[in-house]
Amino acid sequence: MNGRPEAVRFVPGQPDMWAFVLFEGFVFTAYFTAYVFSRARSPGLFLQSQAHLDLRVGVFNTLVLLASSWSVARCVQAAREGGYRAATRNAFLTMSFGFGFLVSKLREWVVAIEHGFTFTADEFSSFYYFLTGIHFLHLLIGFVALAVAVHQLRSPAPHSQEIVETCATYWHTIDFLWVLIFALLYVMR
Amino acid sequence: MNDGKRELWIGWWTLVVFYNVYGLLFFVVTRTQPPPEPSLTPAQVVQWFAERRHGLIYGYAFVFIVGGATAIMNATLAYSIRRMSVSRAFAYSYLVIYALATLPGMLIMGVACTVGAMRPDRDPALMSWIYDFAFLSFEGTMGVFLIGSLVWMVAVLLDENGVFPKWFGYLNLCNALTEVVVAPAWIFKNGAFAWNGTIAWWINMGVFVTYTIVFLTLLRRMILREDFGTGALP
Amino acid sequence: MRRADGEMLLLWTLPVLGVIWISAFLVFPGFVHPMSPTLSAEQVAAFYRDPENLPRIRYGMIVFNWFGVGLIPILALIALQIRRMAHRTPIFSYALIACAAGGPTIFLMADLFWLLAAFRPERDPQLTLLLNDFAWVTFSSQVGFLIAQSVILALAIYLDRQERPVFPPWVAHFNLVVAALLMPAAFVGAAMTGPIAWDGLLTFWVRNVAIGVWIAVMGVVLARAIARQRAEGDAVEA
Amino acid sequence: MNSGAEKRLMLVWLALSAITLAQLGIGSVGAQAGLAPAAIAASAIGIALIKVRIIIREFMEVRHAPVLLCRLTDLWVVLTGVMLLGGHLAGTAFPKR
């Protein structure tokens, strides 16, 4: 079995990180509410402006981030069973997926800006750059979290499973916030 | 009363009293918070100054008198960082960054509002400039709080003395991110991202108020826990 | 033989600084007979355009720009003396250091506004008036750090409970009196004439004399405390 | 690696990806079926929240976590849903002129 019996309930990683996830979650709920409210007030404008976005790119971004979440979950699982090499490999795999998302996002922005779809173009574009931008910032911080996890896994000293799980929890947060942003910006019509 | 903690208690009570007085002066006396719309026309700005002329002048006079209290507040928080197992550089950075923050963070706004309120008959175009200067210096000053929160975050996360819980370290990150979120206030004159907007003001203010209440509570717990005994002076 | 730590050198900059500040104060024509806030935009513009005044405004404010921050080393020495007091924490010395930069930075801002107004006196009088207002309001109203400095020092002295305190108790009382005298200046915006106006008795004369007296008295008290500290240090070494 | 746990993670990932791909068509299908905009919005938000809850329960291992954490994360999911729908209805009620 995986080191901890099924019956024992445990908090994955530092409970402190969960405080962050919940707090930041509520902050994002507030951002999303502001977006949905503005959108419902001028549905025509939002719908028209939304045509600048390619739903397929959004789906691709989401699939990449879901894959990164999967690999970081595998990393935690492997580390828990003492498979540090596999865990490190999965952490690097997560980083590559994260990097893929980063490049795809940057490309999407550049193309959009070239088409005149800038931050100040209209209300939808402002929200689009704001939400994707603040999420992008969380992604960049996520690379720091992954680096901390890799450092833990590779250090000769006893590995702290708690720190690895804490970093993974942060990374999943990037993922689930994106799932909501994807639905709000790309899917909602 | 534990004699060894008197300086800490002076600092803590200064923090509590100051934040309440500050809230009162900004929200009730000067009525500059919640902020008015950035999209006012020059004529409306002149009227805005006229409506709260005495509140601005007397309210900011009190802000100027008590403004220096931030020094003892920042010193108390710098001391809490000094108690952590991290380098002293963190405490000193915090002290200097927040000492600097007082100026653009509130005093410049006070000077601008006083100058605006003093001469109601000034050219409306210039009144409009004063109005922008006041609110953008106040809300658009981001770097000091951004870097200050990050310095505090790193200190808390690396600390092994348990001065503050780790979740407060992460909360510092939330506060730092609000300073990024406020940046569009320099670009938009209306909507959610303007200086009075849902996102740039209301949500950020919610985070800031939570953050402030949390660190005041945690600081109080730290002081209650501190055990100086009768040993040598630290 | 004592190591040359430079503290005496810093201390002796104070009388030099005093001479420079008083000279610059006398050179700036807006200070000797403080400008009235009731002057119209045209009159203010004429003040800056006057060929008699213009060089004196510029040179006076350039000297203030150079030496406005000159008091910081003295404040640093006071912070060091606070560190010697019978306190459990370094909070008061930290607080004084946090104040030290505030006052000079604010004065520097006022200095910039005056210099800007004098840079192009041919500017629209309304703009010159605006810069002049900003200069005077910044200069007069910003007493917060000076008040905090005095109150922190007074508190530190009151809590310095030891056989021979670093500063005698009257220094604390003196600092509280100075803090009280500085307060009315914060209300500078409230009146164009009378004692509160920026050329008035309380805002201009009482405030600036109080600052001057504070610097002089603290200079003497600080010199004595440092001399005593050194004598005690020598006694220990002997 | 524990094959049971690994298999479960893979199934979760496959399910999440499948839902995402299904979202490609949801807008046009909904519009063709003559659904009200509010219903389309609600379904987009609802599906997203289901995905979020799966990520939290499975990837983030909240299903093994103490009951308090389960409740708190569920509270967040429900609250987000309520806020988003409420925001949508409120915005529809006060259209911008």
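Analyst: 21 residues of chain B are in contact with 21 residues of chain A. This is a predicted model: local features need pLDDT of at least 70, side-chain atom pairs count only at pLDDT 80 or more, and totals for chains, interfaces and linings use all residues. Residues are numbered from 1 along each chain as its sequence is written, chains are lettered from A and ligands numbered from 1 in the order in which they are written, and side-chain values use heavy atoms, with hydrogens and water left out.

User: What makes a contact, and which pair of chains shares the most contacts?

Analyst: Contact means heavy atoms within 4.5 Å. Of the 3 pairs of chains in contact, chains A and D share the most. Chain A gives 52 residues and chain D gives 49. Chain A and chain C do not touch; their nearest C-alpha atoms are 29 Å apart.

User: How much area do chain A and chain D bury between them?

Analyst: About 4,600 Å², with 75% of it on carbon and sulfur atoms. Buried area is the accessible area (1.4 Å probe) that two parts lose on being put together, summed over both. In chain A, Arg9(A), Arg41(A) and Trp70(A) lose the most area to chain D, together 14% of what that side buries. Chain B and chain A bury about 1,800 Å², 87% of it on carbon and sulfur atoms.

User: Why is the pair Glu61(D) and Arg80(A) called a salt bridge?

Analyst: The rule asks for a side-chain nitrogen of Lys or Arg within 4 Å of a carboxyl oxygen of Asp or Glu. The closest N and O atoms of Glu61(D) and Arg80(A) are 2.7 Å apart, so the pair qualifies. The interface of chain A and chain D has 3 salt bridges. The interface of chain B and chain A has 0.
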